[in-house]
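Visitor: I would like to go through this model site by site, with the criteria behind each term stated as we go. Could you show it first?
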Amino acid sequence: MKRIIILSTLALMAIVGKAQNLKLNELEYFERQGVNILVFSNSFNGGFNDEKNSGLEIIHHGVRTIQGGAVRLNNTPEQWDLVPTMTSRKVDKEKGTIEVNLRYNDYDFDSRLVVTAKGKAVEIAVWLDKPVPEKLAGDAGFNLEFLPSQYWLKTFTMDGRLNRFPRYATSQTITRPNSEKPRQFKGFKTYDDRGTDRFVDPLPIEVGHSIVMAPDAPERMIRISSDDAELKLYDGRMLAQNGWFVLRSVLPKGKTGKVMTWTVEPHAIPDWIREPNIGFSQVGYIPNQPKVAVIELDKKDQPKATASLIRIKNDGTSETAFTGNIQNWGAYFKYNYVKFDFSSVTQPGVYYIQYGDTKTNNFLIDTHVYDKITDATTDVWVPIHMDHMYVTEGYRTWHGEPFKEGYLQAPESDHFDLHRQGPTTDTKYKPYELIPGLNVGGFFDAGDFDIETGSNINVVQNFIRAWDLFKPLRDETFVSQQQRYVDLHRPDGVPDILQFIEHGTLNLVAQAEQIGHMAQTLSNSVLDNYHHLGDAASITDGLHYDPSLKPYEVSADGKRSGTPDDMWAFTTREPALDLRAATMFAAASRVLRGYNDNLAERALTQSKRLMKEATELINQRARNPQNQMDFNWLDGFEGRDMGANKPDKKRQKLIERTRKNRETLGDMATNLQLYGATQEKQYLDNFEKQIWDALELNVAMNMQTALDAVPYMDDSYRQKLRPYVEQYNTYIRNFDTQNPYGVPIGLGNWAGVNMVLNFGIAVNYAHLYFPDIVKKDEIYRVSNWLYGCHPYHNYSFVAVVGATRPKQVFYGNNRADFSAIPGNVAPGLLFRKPDHFENFDDWPFLWGQNEGTIAGNTQYIIFGSAFKNLQK
Ligand SMILES: [Ca+2]
Ligand SMILES: [Ca+2]
Ligand SMILES: [Ca+2]
């Protein structure tokens, strides 16, 4: 009898489960197993406009395949097209409704989205209090965007007509007069109309009232219909390679009230449970290190009791090497986490993990697994990012020599890459005048091709640090400054790191000499070549811009053109940047001495001059209360990390003293670097006067600087530092209670790899100098995370580094080829509010998760070198 009751309860639960409707949950999104519908949990922000991360979003069986649901002004919006501001968001749990007000300030245009759960579907309604403005009639519509890589090659039907999503964009377009184009961000233009005064507008692939997408793929299947509006399906890749499939309905003219209604029903696979994600180090493990896999589980998943490690033998057969109990960690955001510790397995070999029916790919346990972790970055990624050079590898040319025409003085302007040129140039040059000598050396910023001066200073410093600490003599790159030629995998007798330091210094010294101080950036003058994908040498035409010629006209001597594509130097003076450059120049001059004496001398000259001028400027500005130095970093002390206590009187005093000391003595880290470069005692004194207060205020934030000083200090410094290192060790270990992966995890709009690398470097050095306090085992936290032990998937974040499964795609300048530049380090797990981590590996275009930067990747070289060093 009892058994029957249990069975019938189960049967009833199964029926209820199958009939499960969408519900508005505690985190304010609509949910049923397999389907999450988020309504402006993430809103558009002004920085880079459409980041493909906002509006109405659908996470479908664990993958965020749909986003961008909003009233938009274009058929297929691009990154710099206007985005609406969300002016209010109301959640009504009783009615199961989320309502958001959207506004386009540029057009004084307001609309309201009302999203209501109706069984397994949501109804999306657009409401207007005033009709669509005349200027936007026919253009404003409701859009929803679908991730191409998850929909291409799958079928769809529109009003019953059969079709298939195309792998590549080959639909049709028309052109329309520019006057009809809705304004783009700050009036920039994403396109070069070649003098036609017309823009390209895609035509729809299909039009109708009812679409079923991906009926052939249950995890992607979705049904959308509208009685009162026509659905039009577009391919956003016609305008921009990072475009998505767009379904939209144009809002009717002259109407108010509820003007449009869609019914959207994402299919849910009955009783779907997400496949476990077994996180482990794809690079492998050395025999005596801790080896703990973190397994990410659906909340509905029942953890298994055990997991096994299987050894693949040399004859091709397998055997179970170890079976161990699963330990529960608990819930972290939307999933549950368990761990599998197989540290006891130390025998070198090829292994995989078996957990229930899930098998991982294989990995090695061996003493040599970490030996090559930085090679792809130093031998391939870094030289490919050398600006003003022709870069080749075997049969392949990565890029020709870019920007042969040099750089013009930027006029007063706002900039799309978040820079500004103020009302004065702060130089002897007139706006648009050629500043000679800047097209030499330097490194491309990231997926874009500008020289960010601050990042390039970091790059040179990172290389100097790697050189000072490890003296890497590796020579795999041929560099000829005279030929402006770089060849990968061709030794030339000079350590590559020295050549990279030289290359970075060449551009930065040229800036100081030609401009008189450091530029903020050397960057594109027009947006239509900023989003360039392909050979950097073809961004500009290589000819000097001559405004007396017509656009696209070339002078008779073939040296000038009327195309305004020349890059600009943004020269507004920032003495803090000059000071950073001065510090770096001092160190560069020390390292380059004996290799390139002339450059060493020039760097030293600029170092001394900039140091003097910048210090005077900073003091002048500090005396002017309207020009206070930026002390925002102090605000970070309150309520964060170790210093989570509210500032009491004592703490308040400490903050005040820190502020004053920084004003009079200068930044402590800069002082320390200056001491390293010059050996002048005053700098070390300035450092010591500040470090203890800084540690008192925030151990976590200042430990690295404190550790950097150890080689210069005596034993009493080390003794005084001990209690802080003990506190730091508590901070390190505390991450085990904060998340299952034991590392600091960022929740910002750019995923947190830099924070993780910084943490890794600091833990390395804390162990190196205080091995009795910080144990060697702690340093594997960061390598595990980087190489595959993290949420979402278990691929290595370093391009081509990892046993059998590195990540496939990254946001580099070859992203349109769904490729990667070897050695790139992805920012990693991007957090989407309120509970979703994500790292696409079939879609490279989200920079916040997939873009490597020159400063970050050279920071990885330090982490990797330090980490390798510790294994010896
Ligand atoms: Ca940039
Ligand atoms: Ca070399
Ligand atoms: Ca040009």
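Visitor: Which residues coordinate the calcium ion (ligand 3)?

Guide: In this predicted model, local features need pLDDT of at least 70 and side-chain atom pairs count only at pLDDT 80 or more, whereas totals for chains, interfaces and linings use all residues. Residues are numbered from 1 along each chain as its sequence is written, chains are lettered from A and ligands numbered from 1 in the order in which they are written, and side-chain values use heavy atoms, with hydrogens and water left out. Donors are N, O and S atoms within 2.8 Å of the metal (3.2 Å for Na, K and Ca), and water is not among the atoms, so sites may look incomplete. On that basis, with distances of 2.3 to 2.4 Å and a spacing along the chain of E-x135-D-x1-L-x21-D-D, the coordinating residues are E405 (OE), D541 (OD), L543 (O), D565 (OD) and D566 (OD).

Visitor: Is L543 buried or exposed?

Guide: Buried means under 20% relative accessible area, exposed over 50%, and partly exposed in between, using a 1.4 Å probe and protein chains only. D541, with 32%, is partly exposed. L543 has a relative accessibility of 17%, and therefore counts as buried.

Visitor: Which element supplies the largest share of the lining of the second largest pocket?

Guide: On a 1 Å grid over the protein atoms alone, a pocket is an open set of points with protein on both sides within 12 Å along at least five of seven lines, a cavity is a set where a 1.4 Å probe fits but cannot get out, and lining residues have an atom within 4 Å of a point. The second largest pocket is lined by 43 residues, with Q79, W80, Y530, H531 and R815 nearest its centre. Helices (H or I, at least four residues) and strands (E, at least two) are DSSP runs numbered from the N terminus; strand 14 (198–202), helix 6 (527–530) and helix 18 (854–871) each supply at least two lining residues. The largest share, three residues, comes from strand 14.

Visitor: What volume does the largest cavity have?

Guide: The whole structure holds six cavities of 30 Å³ or more. The largest cavity is lined by 13 residues, among them N74, N75, K181, F199 and D201, which lie nearest its centre, and strand 14 gives the most to this lining, with three residues. Grid points are joined across faces, edges and corners, and a volume is the space filled by probe spheres set on the points; for the largest cavity this comes to about 80 Å³.
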